[in-house]
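This briefing goes through one structure by topic. Look at the sequence and the 3D view first, then work through the points below.

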Amino acid sequence: MNSPQLGVPRETLLPLLESFRRTKHDVNNALAVLMALAEMAERNPANYQRLAKAVLERCPKLVDDLQDFQEALSTALE
C-alpha cells in the first residue's frame, strides 16, 4: 500500500520512521547534555570539562545520523 500523498510504499517509510525516532532521541539527549553543561558550568566550573567532553563525543555521531537519514529519505522519495 502506498502513501496517498507521496506514492511511497509503507514498507519504505517504516524504516525511515524508525531511523527518525532514533535520531530524534539522540538529538534530545545531546540537547539535555548541553543544557546540563550550561547549568553545571554556571554552578560548578569543575564539571564543565566532563560535560563538554561528552558533548564533543556525541555531536559528530548526531551529524552523521542526520546526514544518513536525509540521504535515505531522499532516496525513498525519488
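**Salt bridges, helices and core**

E18, R21 and R22 are linked in a network of salt bridges. The model is a predicted one.

- E18 and R21 both lie in helix 1, three residues apart, which is about one turn of the helix.
- R22 also forms a salt bridge with E18, again with the closest N and O atoms 3.9 Å apart.
- R22 and E18 are four residues apart in helix 1, about one turn of the helix.
- E18 has a relative accessible area of 37%, so E18 is partly exposed.
- R21 is partly exposed because its relative accessible area is 48%.
- R22 is partly exposed as well, with a relative accessible area of 48%.

**A salt bridge between the helices**

- The count of salt bridges in the model comes to five.
- D26 counts as partly exposed because its relative accessibility is 26%, and the cut-off for buried is under 20%.
- K61 has a relative accessible area of 47%, so K61 is partly exposed.

- Helix 1 has 34 residues and reaches 49 Å from its first C-alpha to its last.
- The span of helix 1 is close to the 50 Å expected at 1.5 Å a residue.
- Helix 2 has 30 residues and reaches 43 Å from its first C-alpha to its last, close to the expected 44 Å.
- The buried residues of helix 1 are L16, S19, T23, A30, V33 and L37.
- These buried residues of helix 1 pack against helix 2.
- The buried residues of helix 2 are L51, A52, A54, V55, L62, D65, F69 and A76.
- Helix 1 is included in what covers the buried residues of helix 2.

**The nonpolar core**

- Which residues make up the largest nonpolar core? The six residues are V33, L37, L51, A52, A54 and V55.
- Helix 1 (10-43) and helix 2 (48-77) each supply at least two residues of this core.
- Helix 2 gives the most to the core, with four residues.

**D65, a buried residue**

- D65 is found in helix 2.
- Why does D65 count as buried? The relative accessibility of D65 is 18%, and buried means under 20%.
- Leaving aside its neighbours within four places in sequence, D65 is in contact with T23 and D26.
- T23 is one of the buried residues of helix 1, while D26 is partly exposed.

- L14, L17 and F20 make a nonpolar surface patch of about 250 Å².
- L17 lies in helix 1.
- L17 counts as partly exposed because its relative accessibility is 36%.

- C59 lies in helix 2.
- Is C59 buried or partly exposed? C59 is partly exposed, with a relative accessible area of 29%.
- How far apart are the C-alpha atoms of C59 and T23? They are separated by 12 Å, while the two residues are 36 residues apart along the chain.

Key:
Residues numbered from 1 in each chain as written. Predicted model: local features only at pLDDT ≥ 70, side-chain atom pairs only at ≥ 80, totals over all residues. Heavy atoms only, no water. Core = buried A, V, L, I, M, F, W, Y, C linked by side-chain atoms within 4.5 Å. Buried < 20%, exposed > 50% of the residue type's maximum accessible area, 1.4 Å probe, protein only. Contact = heavy atoms within 4.5 Å. Patch = residues over 30% accessible without salt bridge, like charges linked within 9 Å, V, L, I, M, F, W, Y side chains within 5 Å. Areas by Shrake-Rupley, 256 points an atom, 1.4 Å probe, with all protein chains shown as cover. Salt bridge = Lys/Arg side-chain N within 4 Å of Asp/Glu carboxyl O. Expected span 1.5 Å × (residues − 1).
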